[in-house]
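Good morning, and thank you for coming. I should like to take you through one protein structure, step by step. Please keep the sequence and the model in view as I speak.

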Amino acid sequence: MQVRGSDDTLEFADKFRNYSKEDGHQYRNLENKKFVLRRKSKVYCPNCKSETNLNDIYCKECGTCLESISKRTYDFSIKNILSNINIKDSFKVAGFATVILFFISVIVKQILGSVLGEYTSYISASNILLLLNGGDLSVFTSGSGMMSYGSYYNFSFQLCSLILLVLPVICLGISYKVFMKEKNTNELTLFIQAIGVGSLYGLILAVIALLSRNQLSIGGGFLSSGYSLIYGVGFISVLFRGFLLGFLSILYIGTKKEYEESNIYLGIFKQSIKTVALGYLIVFVLLVIGHLIGLSYVYEFGISNSISNINVFVVISQLAAYIWGFANFNIATIGSQSLFLPSLFKTSLSIDFKLCLIAFVALSALILFISGIKLNNKYKTSSKKPVLIFSVFYAVIMASLSIFTYVNINGGSLLGYNIAMNTNVILTLIMSFIYSFIVTFVGFKLSNWD
């Protein structure tokens, strides 16, 4: 005999059941990521005020539960961020990274000494350290004496090589894991850590830039010329680039897998960096292969005389960044050439290389299209706008890449030549956002088709 009421009760219970009784699979997507276990007090028991350990769940004196379930909320206000920056730990990370990089700079100076000889005595390990972080080295010379009285020369130099830029990132990563990784407990803490380390790292580099400015007198005598050299790295350049480098490095290194899953912004931030890195790496490998099989594209930009004494693979590492920027509809200046897709065929580049550049544009479109598919697979049900968030991060990363790959050698009358290799930061930010949004949006929408 079947009781009707029991069936109704069972049917009613099934409506509220979250998991299957047969195989345990989840019936519905629970928003449990919006809740988190938090300590009621980090130091004292809220009931008896006894001092507790951070790993304790219950008070050892009275047994009160020290944790409570609360909604995951973060206060990203400027006041909260600034008040929670751990200056001591941030200084340890930034300072230790600087120390490691200084010893590397000493080694680099010794290597340069075998190539440049006595000229390396005019540049210190501190100057090399600042150049590794993207600093601008400026030299002002004034002539004196009977043969050259009143003659003046200006020389400015900036070379941000991506290969060398890896060194500060590695040093920051090592230092972060030694001093701060264990205290990375949530997304807000990580963001505050990145702000603190970036600020202190930029400030340390700026102080070194001020202290390393130098003046040198060369020559002298009755008929010989004497020169006074004032040289140093720009204060503002290393302050800004140091902060940007420290902030982005810590934010990327400290982002855990669970942060990517629970926080759409950090998840897409990491995806945008991986997308830019993948595109750059593919372009770099293809350029290396092209050089090895005999293509002469490296010397088509009117800078062959300037790079004759530089390792060609270092040059290619720079060209790969500019060509990847060009592939994202940015304007790239390389030596005597200005690359922009609509005016590509008006340049003096060989037709083979022009076709290669067109292929790189198609490659960037394919990579961004696939990124759109990945965004759909991961954030399809999100109420946020994943494509918009991705495009903003992607544009910021591309603009940062533009800042750290800037080359400017203005020799004036002292050296007799100028070299410029760069992309405009503002235009890169705008064009990268528009281009990535369009292509990624197409991939995001088309992936909905069955």
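Let me begin with a term: a nonpolar core is a set of buried Ala, Val, Leu, Ile, Met, Phe, Trp, Tyr and Cys residues joined through side-chain atoms within 4.5 Å. In this predicted model, the largest such core has 87 residues. Within that core, the residues with the most contacts are L287, W324, L339 and L357. Helix α6, which spans residues 187-211, gives the core its largest share, 13 residues.

Which residues does L357 touch, once its neighbours within four places in sequence are left aside? They are I323, F326, L339, L344 and L349. L339, which is in that list, is itself one of the residues with the most contacts inside the core.

Let us now step back to the whole protein. The protein has 14 helices and 10 strands. Of its 450 residues, 42% count as buried. The accessible surface comes to about 24500 Å², and carbon and sulfur atoms account for 64% of that surface. If we take contacts between residues at least 6 apart in sequence, 68% of them join residues at least 24 apart.

How confident is the prediction? The mean pLDDT of the protein is 78, and 68% of the residues reach 70 or more. Among the elements, helix α14, residues 425-446, has the highest mean pLDDT, at 94, whereas helix α13, residues 412-415, has the lowest, at 43. Over residues 411-418 the pLDDT is below 50, although this stretch has 18 contacts in the model beyond near neighbours in sequence. Residues 145-154 also have a pLDDT below 50, and that stretch has 27 such contacts. Where pLDDT is low, the predicted coordinates should not be read in detail.

Is S436 buried or exposed? S436 counts as buried, because its relative accessibility is 0%. The side chain of S436 reaches the backbone oxygen of S432 at 2.6 Å. Beyond residues up to four places away in sequence, S436 touches L368, S391, Y394 and F441.

The side chain of N186 reaches the backbone nitrogen of T189 at 2.8 Å.

Now to the cysteines. How many disulfides does a search of the whole structure find? The search finds 0. C45 counts as buried because its relative accessibility is 1%, whereas C62, at 35%, counts as partly exposed.

Finally, a point about the backbone. Most residues other than glycine have a negative phi. F329, however, has a positive phi, near 65°. F329 is found in the loop between α10 (312-327) and β7 (332-334). At 26% relative accessibility, F329 counts as partly exposed.

That concludes my presentation; thank you for your attention.

Note on methods: Residues numbered from 1 in each chain as written. Predicted model: local features only at pLDDT ≥ 70, side-chain atom pairs only at ≥ 80, totals over all residues. Heavy atoms only, no water. pLDDT = per-residue confidence, 0-100. Helix = DSSP H or I, 4+ residues; strand = E, 2+ residues; numbered from the N terminus. Contact = heavy atoms within 4.5 Å. Buried < 20%, exposed > 50% of the residue type's maximum accessible area, 1.4 Å probe, protein only. Polar contact = N/O pair within 3.5 Å; in protein donor to acceptor, adjacent residues only side chain to side chain. Areas by Shrake-Rupley, 256 points an atom, 1.4 Å probe, with all protein chains shown as cover. Disulfide = S-S within 2.5 Å.
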